[in-house]
Amino acid sequence: MTYSHRLARFEDLPAIVSIYNSTVASRQVTADTEPVTVESRHAWFAEHHPERRPLWVAEAGGQIIGWLSYSNFYGRPAYSGTAELSIYLHEAVRGKGLGQYFLTQAIDFAPKIGVHTLLGFIFGHNLPSLKLFERFGFTTWGHLPRVATLDGVERDLIIVGKRIA
């Protein structure tokens, strides 16, 4: 399947939130334990400036099927060359190459926005995401054991990283 993406627009936020919320129940992707609201994501959306920290969406048949965001790491100026990547996919397209497409595009695009280091924050039990990032040369840079509790189960957070420039 061939994919393409574009910058997210504010009117895409309900679809972005819907895809995000579809991952909450699995307890595999996000540390949120309840669905979030579109209103609660307004400030998050505003933080994604196209020239520094873009937010992209992929579409198929006029529907948003996934999104990728670059986010600030640690919020201090000295870390401006480092960004955290987040990828969320509609359940109908998971495992069909969209995650690979997004990672390829994100790695290639990062130098254009002054990013030399990419990070992913992934639960240790989220093997599909860990394997995806590993295929692109990301390695484990941090292991935070049992830092999240989901439904009474303590979960590890793995920080993967890749220097690209």
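Here are some notes on this predicted model, point by point.

1. **Overall build.** Starting with the big picture, the chain has 4 helices and 7 strands. From one end of the sequence to the other, they come in the order β-α-α-β-β-β-α-β-α-β-β. The radius of gyration is 15 Å, close to the 15 Å that the globule rule gives for 165 residues, so the chain is as compact as a globular protein of that length. The C-alpha trace spans about 40 × 35 × 35 Å along its principal axes.

2. **Burial and contacts.** Of the 165 residues, 44% count as buried. If you take the contacts with a separation of 6 or more, 62% come from residues 24 or more positions apart.

3. **The β1, β2 and β3 strands.** Strand β1 (residues 5–7) runs antiparallel to β2, and 3 bridges join them. Across that pairing, Leu-7 stands opposite Trp-56 in β2. On to the next partner: β2 and β3 are antiparallel too, with 6 bridges, and here Val-57 faces Trp-67 of β3 as its opposite number. The β2 and β3 strands make a hairpin with 2 residues between them. Have a look at Gly-61 in that turn, where phi is positive at about 60 degrees.

4. **Trp-56 and Tyr-70.** The model has 13 aromatic pairs. One to look at is Trp-56 with Tyr-70: the ring centres are 5.6 Å apart and the planes stand at 85 degrees, so this is an edge-to-face pair. Trp-56 sits in strand β2 (residues 55–60) and Tyr-70 in strand β3 (residues 63–72), so the pair ties together parts that are 14 residues apart in sequence. Are these two residues buried or exposed? Trp-56 counts as buried because its relative accessibility is 4%. Tyr-70 is buried as well, at 0% relative accessibility.

5. **Tyr-101 and Phe-102.** This aromatic pair is tilted, with 6.0 Å from centre to centre and 45 degrees between the planes. Both Tyr-101 and Phe-102 are buried, and they belong to the buried set of helix α3, which also takes in Leu-98, Gly-99, Leu-103, Ala-106 and Ile-107. As for the helix itself, α3 (residues 98–109) has 12 residues and should span 16 Å at 1.5 Å a residue; the end C-alpha atoms are 16 Å apart, which agrees.

6. Tyr-20, Trp-44, Trp-67 and Tyr-88 form one aromatic cluster. Trp-67 has already come up as the residue opposite Val-57.

7. **Tyr-79.** Where does Tyr-79 sit? Its place is in the loop between β3 and β4 (82–89). Tyr-79 is partly exposed, with a relative accessible area of 33%. If neighbours within four places in sequence are left aside, Tyr-79 is in contact with Arg-53, Phe-73 and Tyr-74.

8. Two arginines are worth a check of the backbone. Arg-27 is not a glycine, yet has a positive phi of about 60 degrees. Arg-27 is placed in the loop between α1 (13–21) and α2 (42–46), and counts as buried because its relative accessibility is 16%, with the cut-off at under 20%. Arg-146 is not a glycine either, and its phi is positive at about 50 degrees. The location this time is strand β6 (residues 139–150). Arg-146 counts as exposed because its relative accessibility is 56%, and exposed means over 50%.

Conventions:
Residues numbered from 1 in each chain as written. Predicted model: local features only at pLDDT ≥ 70, side-chain atom pairs only at ≥ 80, totals over all residues. Heavy atoms only, no water. Phe/Tyr/Trp six-rings, centres within 6.5 Å; stacked < 30°, edge-to-face > 60°. Buried < 20%, exposed > 50% of the residue type's maximum accessible area, 1.4 Å probe, protein only. Pairing = 2+ DSSP bridges. Expected span 1.5 Å × (residues − 1). Rg over C-alpha atoms; globule rule 2.2 N^0.38 Å. Contact = heavy atoms within 4.5 Å.
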